[in-house]
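Please read the points below alongside the coordinates.

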Amino acid sequence: MKKTLYPVTNTGSVSLLMIFIVLCLTILSTLSLSGALGEYQYSQKIAQHHADYYRASGSASRMLKEIDQILELAHTEHPDDYYSAAEQRLAQMEGLEIDLTAESPSITYQISVDDSQSLQITLALNAPDELDEGYYRITAWQEISSSGWNGDDSLNLMTF
C-alpha cells in the first residue's frame, strides 16, 4: 500500500490568506485616500486664507500710500501747523482712527481679511522736526480677530 502525502498547505488556507491580504490592502488604501483628501482640503483653506490676506495687505498698502500723500501735502502747505492740517485732511478718509492729541500721535485703520479676521495697521506719526526719517513709523501690521468669541461654558450634567 502506498501512502498518499498531503501537501502542508491546502487551498482553503491559501484562500483565507489571500482574502485577508486583499482586505488589509483595501483598508490601507481607504485610509490613505481619506488622509490625502483631508490634506487637500486643508491646503485649499490655507491657500484661500493667504489669497485673502494678500488682497487685504494690498488694500492696506494703497491706503497707506494715500495717507502718506496727505501727510506730505499737509506738511508742504502748512509746515507750522502740520498736525491740524493733517487731521483735517485725514478726517475725510473713511475708517481711520486719528489720535493727534496724545504724546505720540497715531493713526489706526483696519482692512477686512475675511468674516472673522481683519488686518490692523497702526502708524505713529513723527514729530514735525523729525520728518527727515519719514512722516510716520509703522508700529503694528497684524491680523486681529474681528468677531467675538461666544464660549459655551454651561455643563448640563444631569437633565431631568
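The points below are grouped by topic and describe a predicted model.

**Salt bridge**

- The count of salt bridges comes to one.
- Glu77 and Arg89 form a salt bridge, with 2.3 Å between the closest N and O atoms.
- Glu77 belongs to helix α1 (residues 11–77) and Arg89 to helix α2 (residues 82–90), so the pair ties together parts that are 12 residues apart in sequence.
- Glu77 has a relative accessibility of 42% and therefore counts as partly exposed.
- Arg89 is also partly exposed, because its relative accessible area is 27%.
- Side chains of opposite charge can pair when their charged atoms come close.

**Negative surface patch**

- A patch of negative charge on the surface is made up of Asp129, Glu130, Asp132 and Glu133.
- Asp129 sits in the loop that runs between β3 (117–125) and β4 (136–145).
- Asp129 counts as exposed because its relative accessibility is 67%, and the cut-off for exposed is over 50%.

**Nonpolar surface patch**

- Val14, Leu17, Met18, Phe20, Ile21, Val22 and Leu25 form a nonpolar patch on the surface.
- Together, the residues of this nonpolar patch have about 660 Å² of accessible area.
- Val22, one of the patch residues, is placed in helix α1.
- With 47% relative accessibility, Val22 counts as partly exposed.

**Buried strand residues**

- Ser106 is located in strand β2 (residues 106–112).
- Ser106 counts as buried because its relative accessibility is 18%, where buried means under 20%.
- Leaving aside residues up to four places away in sequence, Ser106 touches Glu97, Ile98, Asp99, Leu123 and Ala124.
- Thr122 is located in strand β3.
- Thr122 has a relative accessible area of 16% and is therefore buried.
- With residues up to four places away in sequence left out, Thr122 touches Ile107, Thr108, Arg137, Ile138, Thr139 and Ala140.

Methods. Residues numbered from 1 in each chain as written. Predicted model: local features only at pLDDT ≥ 70, side-chain atom pairs only at ≥ 80, totals over all residues. Heavy atoms only, no water. Patch = residues over 30% accessible without salt bridge, like charges linked within 9 Å, V, L, I, M, F, W, Y side chains within 5 Å. Areas by Shrake-Rupley, 256 points an atom, 1.4 Å probe, with all protein chains shown as cover. Salt bridge = Lys/Arg side-chain N within 4 Å of Asp/Glu carboxyl O. Lys, Arg positive; Asp, Glu negative; His and termini not counted. Charge placed at Lys NZ, Arg CZ, Asp CG, Glu CD. Helix = DSSP H or I, 4+ residues; strand = E, 2+ residues; numbered from the N terminus. Buried < 20%, exposed > 50% of the residue type's maximum accessible area, 1.4 Å probe, protein only. Contact = heavy atoms within 4.5 Å.
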